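This report is written for someone opening the structure for the first time. Please have the sequence and the 3D view at hand while reading.

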Amino acid sequence: MAKEPESKVSESEIPLHPQELTNTREEETKPITPKRTKLPDRQDTTPPNIEILSPTEHVVPQSVEQLTVQGRVTDDNNVSEVKVNNIKTTILEDGTFTATVPLSNGENDIRLAAIDMHNNLGTHLLTIVREGVNHIDTTPPAILIHSPISRSAKLAVDQLTIEGGVTDDGGIAEVRVNDTEAVVSETGEFAVTVPLDFGENEIRIMVTDMSGHVGTDLLTVHREDISEDVEGPAIDVLSPTREMKRGVKSSIIVRAAFTVVSGTVTDPSGVAKVMINDTEAQVTGDKFSQKIQLAYGDNPISVIAVDRLNNTSFEDITINRPKPVVDPLVRSGKDYALLFAVDTYDHWPGLRYPRIDAMSIGQDLEDIYGFEVELIHNPTKEDILSVLHKYAQKEYGPEDQLLIFFAGHGDFDPVGNMGYLVSQDTKKPEDDNFRLSYFSHSYFRDFIDRMSCEHIFLVMDTCYSGTFDERLAMRGEADDELRPFSQEDIKRKLGYTTRWYLTSGANEQVPDNSLFARALLNALRSEGGRDNILNIQEILTYFKDLNNPKPCFGEFGRNAPGSDFLFIKK
């Protein structure tokens with residue numbers, strides 16, 4: 001049998017070793033990871049943004065000869081340069097810049113350009129119109145003479161000061177009084193002193209504007225021989241005015257607490273001074289004025305004028321301030337006041353004023369407003385509890401009110417964040433770690449809130465008294481305009497449950513000699529003002545100037561919106 005020729009086997013057809021076969025298969029099944037190519041950085045092609053901060057108006061008056069431009073420039077990259085009308089400006093860290101540019105009449109184009117680090121250019125065009133003189137001024141200046149008031153005065157002085165004001169749309173060029181050029185202020189006011197001859201003196205005021213127009217005014221002053229002046233100044237009271245009845249002047253009636261007495265006073269030898277009652281009035285030229293306070297009823301007012309020769313004259317007027325007409329108030333409720341005052345202690349330093357303040361407050365509550373007052377002096381902790389329980393067991397009507405006042409030491413525990421009242425037998429903190437001898441604000445607050453009386457107002461004049469409210473809230477003054485109460489207002493206010501407090505300070509110490517108590521007494525002694533009713537918001541106005549410490553005011557417990565506590569004069 002013939003031998004078959006050997007076939008040439010390619011290298012690729014040579015059987016692989018088992019291990020090689022395994023490796024090859026693993027390589028065939030291994031996922032192919034694509035080759036990553038780094039992309040070039042994105043080029044910044046966004047120009048800077050320019051924001052104009054000022055000016056906000058695009059029209060300026062002619063008097064503005066140069067303008068300050070303020071702006072801000074922002075960009076993703078740093079801004080390298082800002083130009084305003086091709087003038088480079090300084091850029092601050094926050095991107096703001098400022099430039100001053102001159103203005104011409106009419107339109108002014110202000111070009112702003114900003115370049116960032118990649119040479120991107122941002123631009124902004126600001127057009128400002130500077131007003132020019134668009135009309136022909138044909139009106140002469142206006143002149144107003146302030147002093148003397150009389151245009152034909154009789155005087156016994158050797159010189160006189162002329163005071164006045166001038167106005168003109170185109171501007172004032174010159175003011176002359178007789179032959180003297182006056183200095184004119186920016187507001188157009190002027191004053192010039194001129195000599196006077198015996199007899200008639202003509203005083204001519206001549207004002208020239210920027211267009212050459214002239215305005216004039218003429219005063220005539222008669223200078224008399226002062227040796228003939230033996231009478232006091234002439235007084236004319238112009239305000240307050242008298243009420244007229246059938247063409248006849250009657251009494252002067254003013255209902256406000258203050259009024260201004262004013263008028264004119266003239267004398268040939270000149271006025272030295274004007275007195276209104278015992279106060280020297282302000283005199284300007286021929287005018288006098290003085291603010292005075294009025295009491296209810298008739299107020300006698302005496303206006304006394306003295307000239308330079310010591311001649312005196314007077315005019316007496318009477319200003320009547322009528323009491324407000326208030327309808328009789330009908331209220332079924334009773335008012336109670338429970339006052340605690342501690343000034344002598346077993347373990348704490350004594351105080352001088354708590355009992356004095358409490359007695360004064362209690363006296364006013366009783367005498368002015370008809371409260372039934374009970375003063376507890378130097379109570380122990382047990383005494384306070386006992387009295388509170390007694391008042392909690394009272395039967396109260398729906399319009400009954402209870403005022404609770406506490407004056408004395410107070411304390412605050414920073415560990416428990418709690419305030420305390422200090423009674424006569426309260427120990428010092430170092431001798432009472434758990435404050436078992438103290439009366440806590442939280443217990444005091446909760447006990448009072450649970451009383452059956454619908455209307456309770458708590459006033460505390462102690463150190464750390466503001467911590468009675470855990471939020472140390474301070475509500476401030478009345479947010480509505482104070483107005484007289486009506487019968488309907490009383491019924492409405494006393495229809496809501498009241499739980500308000502007022503304390504002499506917040507989380508701080510307060511002085512023994514209490515400005516807080518004095519402010520409360522001032523409020524009570526106002527006797528309710530116009531309507532004879534003092535409410536909480538009116539009381540707060542007497543405490544607005546106390547700042548060190550600053551009183552705290554707020555609501556607690558079951559207080560209802562719209563509630564109030566009313567002190568009604570008996």
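The model is predicted, so local features need pLDDT of at least 70 and side-chain atom pairs count only at pLDDT 80 or more, while totals for chains, interfaces and linings use all residues. Residues are numbered from 1 along each chain as its sequence is written, and side-chain values use heavy atoms, with hydrogens and water left out.

**Overall make-up**

The protein has 7 helices and 38 strands. Helices (H or I, at least four residues) and strands (E, at least two) are DSSP runs, numbered from the N terminus. Of the 570 residues, 42% are buried. Buried means under 20% relative accessible area, exposed means over 50%, and partly exposed lies in between (1.4 Å probe, protein chains only). Contact means heavy atoms within 4.5 Å. Among contacts between residues at least 6 apart in sequence, 72% join residues at least 24 apart.

**The cavity**

There is 1 cavity of 30 Å³ or more. A cavity is a set of points, on a 1 Å grid over the protein atoms alone, where a 1.4 Å probe fits but cannot get out; lining residues have an atom within 4 Å of a point. Grid points are joined across faces, edges and corners, and a volume is the space filled by probe spheres set on the points. The largest cavity has a volume of about 40 Å³. Its lining consists of I361, L365, L403, F457, V459, L520, L524 and F567. Helix 2 (354–369), strand 34 (455–461) and helix 6 (515–524) each contribute at least two residues to this lining. By class, the lining has 8 nonpolar, no polar and no charged residues; Ala, Val, Leu, Ile, Met, Phe, Trp, Tyr, Cys and Pro count as nonpolar, Asp, Glu, Lys and Arg as charged, and the others, Gly among them, as polar.

**Two asparagines in loops**

N378 sits in the loop between strand 29 (372–377) and helix 3 (381–392). N378 counts as buried because its relative accessibility is 13%. Leaving aside neighbours within four places in sequence, N378 is in contact with A341, V342, D343, T344 and Q424. The side chain of N378 also reaches two backbone nitrogens, as the table shows. Such a polar contact is a pair of N or O atoms within 3.5 Å; within protein, one must be able to donate a hydrogen and the other to accept it, and residues adjacent in sequence count only if both atoms are side-chain atoms.

| Side chain | Backbone nitrogen and distance |
|---|---|
| N378 | D343, 2.9 Å |
| N378 | T344, 3.1 Å |

N548 lies in the loop between helix 7 (536–540) and strand 37 (552–555). N548 counts as exposed because its relative accessibility is 76%. N548 and L515 are 33 residues apart in sequence and 9.8 Å apart in space, C-alpha to C-alpha.

**Aromatic pairs**

Rings of Phe, Tyr and Trp (its six-membered ring) pair if their centres lie within 6.5 Å; planes under 30 degrees apart count as stacked, over 60 as edge-to-face and the rest as tilted. The count by this rule is 12 aromatic pairs. One of them is the tilted pair of F340 and F406, at 5.8 Å centre to centre with 35° between the planes. F340 is in strand 28 (residues 335–341) and F406 in strand 30 (residues 401–407), 66 residues apart. Both F340 and F406 are buried.

F371 and F567 form a stacked pair, at 5.6 Å centre to centre with 25° between the planes. F371 lies in the loop between helix 2 and strand 29 and F567 in strand 38 (residues 567–568), so this pair ties together parts 196 residues apart in sequence. Both F371 and F567 are buried. Ring pairs link Y369, F371, F457, F565 and F567 into a cluster, and F457 and F567 also belong to the lining of the largest cavity.

Key. On a 1 Å grid over the protein atoms alone, a cavity is a set of points where a 1.4 Å probe fits but cannot get out, and a pocket is an open set with protein on both sides within 12 Å along at least five of seven lines; lining residues have an atom within 4 Å of a point.
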